[in-house]
Structures are given as C-alpha cells and as structure tokens.
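Subject: Structure for you to look through

Hello,

Here is the structure you will be working with. Please open it first, then read the notes below with it on screen.

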Amino acid sequence: MFDAAKGVTRLERARAALDGAELRVGVRSRAEVVTPLAPPEPAPLVDLLPDRTLPVGAVVSVQGPGPLQGSASLTAWLLGATQHGRPVAVVGWPELGVVALSEAGVDLGRLYAVPDAGGQPAGVLAALVAGFEIVVAGPRLPLTPSERRRLLARARHLDTTILSARPWEGAALTLEVERASWSGPARGDYWLRRQRLTVVRRSSADGAGQAFEVARQDADSPSVTAAVRARAAGQLTG
C-alpha cells in the first residue's frame, strides 16, 4: 500500500533540497513564469496548399454548397495567389465574373473566359488544357467519368492544372467550402466588407482532412488563420 505520509515527506525533502541549492548559487527568490501562447498569426493564402502552390499536371477540386456560395470566391483567390503571370482559362462558369477575379489579383490580360462550352464540353476543355497552364472547369461543364479520366491523363501529360468546381475522381487535392459567411455594417446589408470561409483540405498527405479558416477583410489579400490549420476536419462542429 502507498504510504501517504512517506509521500509527503519525500516531497518536503525535495523542496528543501531545491531551496538549499538555490541559496548556494545566490538565488534569493523564485517565481513561476508562465509564457502565454502567442495568438495565431494570419498566414498567406498559399499556406492552404500542401506545397504552397497548385499541383502541376493534376486536378484540384474546389467544392461548395453552390457556385456562388464560397467556392467561387476561393477559386478566384487561389488564382490571384498562384497565377504569377501565367495564362488562365475559365470555362463553364459565367458567375465567376471579371470584377471578382480582378479584385482577387488575377491578371485579366492573361485570362480567357468561355462562359458556355456548347454541346462539346470535353472537347472544349481538352483544347484549353493543351493551350493554358491553368484551366478552371466550372459547375456548368457536364463531364462523364470516362471524359474526366481522359482529361486528367491529358493534363498530366501536358503539365496543366485543372481547377474543377465539381468532384473529380483522382483529384490530387480537394478543397471543400463547408461554411461561408459575409459581414459588414448593418450585418453586411449592401456593403460586404469581410468574408470568412471554413475550408476542409483533403489530399494524400492529410489523412481524414485538415480544417482551415480563410478570411478576407475589405480589399486585403485573403489569409489563412494558423491556429485552425492544426485542427482535424473530423473535429469541426456545426
């Protein structure tokens, strides 16, 4: 059985030994110092990507509850953060307007938009994959599973990145907007100054997924909150 008295005596002896050691080296007082954790610092939007850049020769699926509810903003922000002067094509997404793209930092002089692919969406996308380094496949671009497989193989061969607004089997990276909110004066009526997205990132390196919070204030560049990056997606609560 554990002897409580012996336990207390041992603790007292340890304290006395510590006090004696401090006196010998000249310490006259002791205080416990607790260093508070630094508040999470916003990080650049590229920290949302596993290698801080869009994967080359691959598909990135950017999904949301609707074409205008978060996924469009996130796609525009990603283009603005990663374009770096490269030509970009957008097909099948008329809601992704040039104003939003320009505000996100996209070089409109190197942007080619095809609002409607007509009756040959796979053919149009294949042609764009051959001519552009980054191609955005919008939600109005219906593709069959076999067409997606052929287009992914083509993108790999040509080192093109496809940003898809729909789920895509074999995507190297999936960014799912689970929650989007806007705010401003009078609860955001008529003047939306701040947008916040809760994004779950899934890739081969993320296991079950990682949760991120992406925010943009006024015309500032979007940022990722560092504290949220360490939280598993399975721990998100409604």
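Glu176 is a reasonable place to start: this residue is partly exposed, because its relative accessible area is 26%. In these notes, buried means under 20% relative accessible area, exposed means over 50%, and partly exposed is in between, with a 1.4 Å probe and protein chains only.

Before going further, two remarks on the source. The model is predicted, so local features need pLDDT of at least 70 and side-chain atom pairs count only at pLDDT 80 or more, while totals for chains, interfaces and linings use all residues. Residues are numbered from 1 along each chain as its sequence is written, and side-chain values use heavy atoms, with hydrogens and water left out.

Back to Glu176, which belongs to strand E7. Helices (H or I, at least four residues) and strands (E, at least two) are DSSP runs, numbered from the N terminus. The C-alpha atom of Glu176 is 8.9 Å from that of Pro65, although 111 residues separate the two along the chain.

Salt bridges

Side chains of opposite charge can pair when their charged atoms come close. A salt bridge here is a side-chain nitrogen of Lys or Arg within 4 Å of a carboxyl oxygen of Asp or Glu. How many salt bridges does the structure hold? The count is 5, and three of them are described below.

Glu176 takes part in one of them, with Arg202 as its partner, at 2.9 Å from N to O. Glu176 lies in strand E7 (residues 173-183) and Arg202 in strand E8 (residues 194-203), so this pair ties together parts that are 26 residues apart in sequence. Arg202 is partly exposed, since its relative accessible area is 32%.

Another salt bridge joins Glu133 and Arg86, at 4.0 Å from N to O. Glu133 is in the loop between H4 and E5, and Arg86 is in the loop between H2 and strand E3 (88-91), so the bridge ties together parts that are 47 residues apart in sequence. Glu133 counts as partly exposed because its relative accessible area is 36%.

Arg52 and Asp47 also meet in a salt bridge, at 2.7 Å from N to O.

Backbone angles

Most residues other than glycine have a negative phi, and most peptide bonds are trans. Arg52 has a positive phi, near 60°, and is not a glycine. Arg52 sits in the loop between strand E1 (42-44) and strand E2 (58-63). Asp159 is not a glycine either, and has a positive phi of about 60°. The position of Asp159 is in the loop between helix H5 (145-158) and strand E6 (161-164). Asp159 is partly exposed, because its relative accessibility is 49%.

Aromatic rings

A pair of aromatic rings is described by the distance of the centres and the angle of the planes. Rings of Phe, Tyr and Trp (its six-membered ring) pair if their centres lie within 6.5 Å; planes under 30 degrees apart count as stacked, over 60 as edge-to-face and the rest as tilted. How many aromatic pairs does this rule give? The count is 1. The pair is Tyr112 with Phe132, and it is stacked, with 5.9 Å from centre to centre and 25° between the planes. Tyr112 lies in strand E4 and Phe132 in the loop between helix H4 (121-131) and strand E5 (134-137), so the pair ties together parts that are 20 residues apart in sequence. Tyr112 is partly exposed, at 45% relative accessibility, but Phe132 is buried, at 18%.

A ring also features in a contact with a charge: Arg148 lies over the face of Trp168, 5.7 Å from the ring centre. For this, NZ of Lys or CZ of Arg must be within 6 Å of the ring centre and within 35 degrees of the ring normal.

A polar contact

The side chains of Ser73 and Gln195 are joined by a polar contact of 3.1 Å. The term means a pair of N or O atoms within 3.5 Å; within protein, one must be able to donate a hydrogen and the other to accept it, and residues adjacent in sequence count only if both atoms are side-chain atoms. Ser73 is part of helix H2 (residues 71-82), and this residue is buried, with a relative accessible area of 18%.

Regards
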